[in-house]
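These are my working notes on a structure I went through by chain, written down in the order in which I looked things up.

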Amino acid sequence: MHKKFLLIAAMLFAIVISAISGTVTSQSAEVNIYSARKESLIKPLLDQFSAETGIKTNLITASADKLLTRMINEGRNTPADILITVDAGRLFRARQADIFQPIKSQKIEQLVPSNLRDPENYWIGLSQRARVIFYVKDRVNPAQLSTYENLADQQWKHRICIRGSDNIYNQSLVASLIAANGKAATQQWANALVGNMARPPQGGDRDQIKAAAAGQCDIAIANTYYFARMLENKKDPSQSEAAQKMAIFWPNQQGRGAHVNISGAGISKYSRNLDNAHKLLEFLVSPAAQSWYANANYEYPVNPSVKPGGLIASWGTFKADAIDLSKLGELNAEAVKTMDRAGWK
Amino acid sequence: MTSQLDIENLDVSYGDNQVLRQVSFSLQPGNIGCILGPSGCGKTTVLRAIAGFEPVLGGRILINQVEVSSSIFCIAPEKRDIGMIFQDFALFPHLSVADNIGFGLKTWNVRQQQTRVRELLAITGMLAYGQAYPHQLSGGQQQRVALARAMAPRPGLLLMDEPFSGMDIDLRKQLAREVRNILKQEKLTAILVTHDQHEAFAIADNICVMDEGRIQQQDSGYNLYHQPANRFVANFIGQGVIIPATVESSHSVRTELGCIQGKLPIDSETGTAVDVLIRPDDVIHDDNSSETAIVIDKSFLGADFLYYLRMDSGIEVLCLAPSHHNHKINERIGIRLDVDHLVIFDRI
Amino acid sequence: MQGISENSLGWVIRYRTSELLKGWWQPGILLAALIFSIPVLTIASFLLQPSGDVWQHLVDTVLTDYLINSALLTLGVGLGTLSIGVTCAWLTSLCQFPGKKLFIWALLLPLAMPAYIIAYTYTGMFDFAGPVQTLIRDWTGWGYGDYYFPEVRSLGGAIVMLSLVLYPYVYLLARAAFLEQSVCVIEVSRTLGCNAWSSFYRVALPLARPAIVAGLSLALMETLADYGTVSYFGLGVFTTGIFRTWFGLGDSAAAAKLAAILLLFVFTLIVIERWSRNRAQYHHTTNRYRQLPQFQLTGFRALIAFVACLLPLLFGFLLPASQLGLWALDTYTVMVDASFIRLTLNTILLGLSTAVLAVLLALFFAYGKRVLASKLVFASVRVVATGYAVPGTIIAVGVIIPLAWFDNTLDAYMRDQFEISTGLLLSGTLFAVMFAYLVRFLAVSIQSVESGLAKIRLSMDEAARSMGYKPAETLFRIHLPLMKGSVLTALLIVFVDVMKELPATLILRPFNFNTLAVRAFELASDERLADSSTAALMIVAVGLLPVILLSKSIASSRAGS
């Protein structure tokens, strides 16, 4: 019996080890990616890249913070060639931690506007994500809406739905407000906003839109692509029905513009597949890939030559906040503290 | 005749606590020995040392003339040719009764095993329960299985650790007799450890009384009762009181209850103050006696009453009287002494 | 006398095994305990780093919330799992009512349901915007605020979710304890005038308390380690607080201080659990077993018993599983492909091999405790068991840092000395993943194996030895058959736990390695519940078989049957 156990253990071990060795790669034509973008939102592009170039891609997905922790600790031996995140703050932090190297590609410099990449090209944006205001068409007159700052106004008392302060999108939105208006003003704003919330923050971005559509609140703050995905949801008609009741409002169009964050990427300082890594990034900002972001996930391209079509086009163009995205990273901790003090759960 | 078990000057300790001191005794083949003593006297330790579960600090143990334990040497339990019955029986719950009994017969061939198991089931009266599991049995039945299991390989020595402790008194007596008969039938040499003297008397040929890690007396039950070697044995075995006396001559002592004839130690000088053991059956109720005492308590034993009496001097004695002599508490009754075995201790 | 003889047993076996074992066993245990404590110690070492003003900020703003919420959550889940687990255990072990045979194993099913999945599912169903409330509004014409409906995403909701999936731990151990109780104590209580219920409260419950507390402490440790549910519900508890502080505020020292407070909770639980177990160290009070008496329930009482067992099963399993099933019907054609089958196999293999390792290690530790009986060994086994309550992500970070350090140090040395780069030997391999699992789940396997071992009285060892069996033979002939049930239990629980485990897998796994939990979570957290349902359902389905086996093993765990 005991021997049987050992035997089974040994066999399982052998199988598992051989399973890994199948995945641990030694070919030269490959590139290794740590991605905070979910597998389903990056794998199709990677497969396309492999098909075009013959370069194999190896992928791990997890949250950016954890991948960052892993990369920093793996140090010079890290297998990662590229780190992909879904916000600029983490890219900033990665650069601070000295695990990136400058991206040397004229092609990328041509394709990606300079405000969407690091001043010294330690990282670049891959897609843009706007965090804007959604209102219930029946109950809100868009003329009353103007800016993020305006959401602190008394008239929105118990009318706003927004998710928790753990969320990086909210953290970076608040960081952008601190950058624009200063700490004290933003603290006042956050305090007032918490008073205007219709319910304690909970759920994800879609939940805010759904709650507003269902009548729990009149205004929801969310990223645009969630709204688009709801509208286009064929399988669950209730989602598109809910979204139909809502309309998009681009805030701060008279001023600095709507808050935009990026999903982006940098190349590891210790990359062993430098050429392939550059090739992959060039591919990801190429028109083909950029239109995939727009069409498959309703994000805004970073490549200005690619015009989003269909649904996104129907929302029209908007002015985006042109803030240096590194600033968001710098102010992230301050933003969290501000929300803590305001009692933003 | 060579002995089956020899224990010579055995010392055992747990850390700094010495639990056995200079324990020696031996056992003849086919005899049933018993180690009798109060809890904590070290009796179980002796058994466990014989089994090889307990290391020995000094002295040695021989089973069938072969040395198995000494301070520098210890044969593993499984090589000692012993069988053991545990206080909790330690039957294996995952095996049937037959499998439990056959457990120690691993070197026998299947046919021999079956025969032996059947034989033991028959001897212990458990034939109907071969396929039952231990949890389906009563306590007495489990006890029989434990006995059968320990006896099955015909061990040179059978060790029994308080095997009847979990049972009621009637069952104890009955099982003790049964076990003795079975052991004798199988001609097994066995040692029993118990704190119950009646159990010891019922089963053993030879009893060692132990206290505080030492053997106090090794003898037959009769002699332990009537000729205890010291005060501990006198108190531990049977009932009785110890009362003061004075040596009167070379063959008699005087007590408050009168003179007692008997054998005295040779060096006893007349007039020496000593103590004598008085058993309840040494005190006879006699209405004609000049000595009287007051009944302070009594207990009914069926055929007899046991009276607790106080004499005028304040000395208390026990008296066993036929139960048709029914006296009330606080009544004064006449008594006299009739001592067959004079037991004397030095005054302390 | 009892004390002396017990001590002496330990001493004797030590003496007997000394030549062979003592030389390496104790150091081996200490070393293994140290290795498996490294992740927790690594995190604890962050306490030494200065934490600046962030800690003060936490104290000023959110710490009180974390404390209160964590305490309420623990208390609530404690009450929830206790009342569900103990009631069902009692009904299915000592009462007769229709459907009992089915409930015996079906009540374990929620064990296969990851807490975050059930949270997502219920939110999808009962949220304000969900189908149920929408239906109510459509029927009644009410709007927001016109009616009361319990909020799913709340502290109360989290308590219900966690209680529904964690009560099987209490049920499992309580039932085993009820089944092992001597028939006599129950009968004695009946003769003393207790009816079924009062014999439960006054006799069976106190006797089973150590087992119940053990199950409860498992459930509560899981509660304290939960991240998926509480973060989805937006609750400020210690786990969510640690994440914010570490990643949002970028202060690992302050995060470690929070983690240290969390560990304080855990140590309290462990101490309570040990204390309650030590008070009942006897194995069996009697040797007399008989078929347990069954309280025959009829009519109204049978109905109540039936409903009491049905409710947790319905809400903990049937309802969410059906919802997942409905969603999966829509999406499985897209979701099931070659990679899905591969990740299912990955998950099963990983679960199995971790479970086997966890049990082997548990045997090593548990026998060490039995044989060596040294305080040092006791303490180190206790330390190993703390990993269970530490959130997976924290463990994962605690694994990454030392492994990467080891790899890089070795690499640097090899480069210096031999100009060879060894690269990352351990980091980013399945070894790292399994190591993290073991750190988290050893507590479960050790607990189960220890409880099995406790049933084998030392006199049984000695009986076998006195009948000519060597120690090794005793192990195979006596211990293995008797331990089978608890070893199986340990294997199955660890397997199911690994199947559900998420954060450590996510961050430690090698390239292109996915599990069902990763797939389900990624889709669900991207708010694609329907798409995630196939993977979630697969986790439940793969977990189902072990859970059913588990119930079989308890049924046969009663001595002798």
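Which residues is C:H479 in contact with, once its neighbours within four places in sequence are left aside? I found C:Y367, C:R370, C:L453, C:I456, C:D461 and C:T474, where contact means heavy atoms within 4.5 Å.

Before going further I noted the conventions: this is a predicted model, in which local features need pLDDT of at least 70 and side-chain atom pairs count only at pLDDT 80 or more, while totals for chains, interfaces and linings use all residues. Residues are numbered from 1 along each chain as its sequence is written, chains are lettered from A and ligands numbered from 1 in the order in which they are written, and side-chain values use heavy atoms, with hydrogens and water left out.

**Chain C**

I placed C:H479 in helix α19 (residues 471-500) of chain C, helices being DSSP runs of H or I with at least four residues, strands runs of E with at least two, and both being numbered from the N terminus. C:H479 counts as buried because its relative accessibility is 4%; the scale I used takes under 20% relative accessible area as buried, over 50% as exposed and the range in between as partly exposed, with a 1.4 Å probe and protein chains only. I also looked up C:K455, which is 24 residues from C:H479 in sequence and, C-alpha to C-alpha, 9.8 Å from C:H479 in space.

Next I turned to helix α14 (residues 338-372) and helix α17 (residues 430-454) of chain C, which pack at an angle of about 50° with their axes 7 Å apart. The axes are lines fitted to C-alpha atoms, for helices over the stretch in contact, and angles run from 0 to 180 degrees between N-to-C directions. α14(C) and α17(C) are therefore oblique to each other, given that angles under 35 degrees count as roughly parallel, over 145 as roughly antiparallel, 65 to 115 as roughly perpendicular and the rest as oblique. By class, I recorded 19 nonpolar, three polar and three charged residues in the contact of α14(C) with α17(C), with Ala, Val, Leu, Ile, Met, Phe, Trp, Tyr, Cys and Pro counted as nonpolar, Asp, Glu, Lys and Arg as charged, and the others, Gly among them, as polar.

**Chain A**

For helix α3 (residues 64-74) and helix α4 (residues 88-96) of chain A I noted a packing angle of about 10° and axes 10 Å apart, which makes α3(A) roughly parallel to α4(A). A:A64, A:D65 and A:L68 in α3(A) meet A:R90, A:R93 and A:A94 in α4(A), and by class this contact has three nonpolar, no polar and three charged residues.

**Chain B**

I noted eight helices and 21 strands in chain B, whose C-alpha atoms fill a box of roughly 75 × 45 × 40 Å along the principal axes. Of the 348 residues in chain B, 53% are buried.

I then looked up two residues with positive phi that are not glycine. B:E162, with phi of about 40°, lies in the loop between β8 (157-161) and α5 (169-186) of chain B, and B:E162 counts as buried at 7% relative accessibility. B:E212, with phi near 50°, sits in the loop between β10 (206-211) and β11 (214-219) of chain B, and B:E212 is exposed, with a relative accessible area of 64%.
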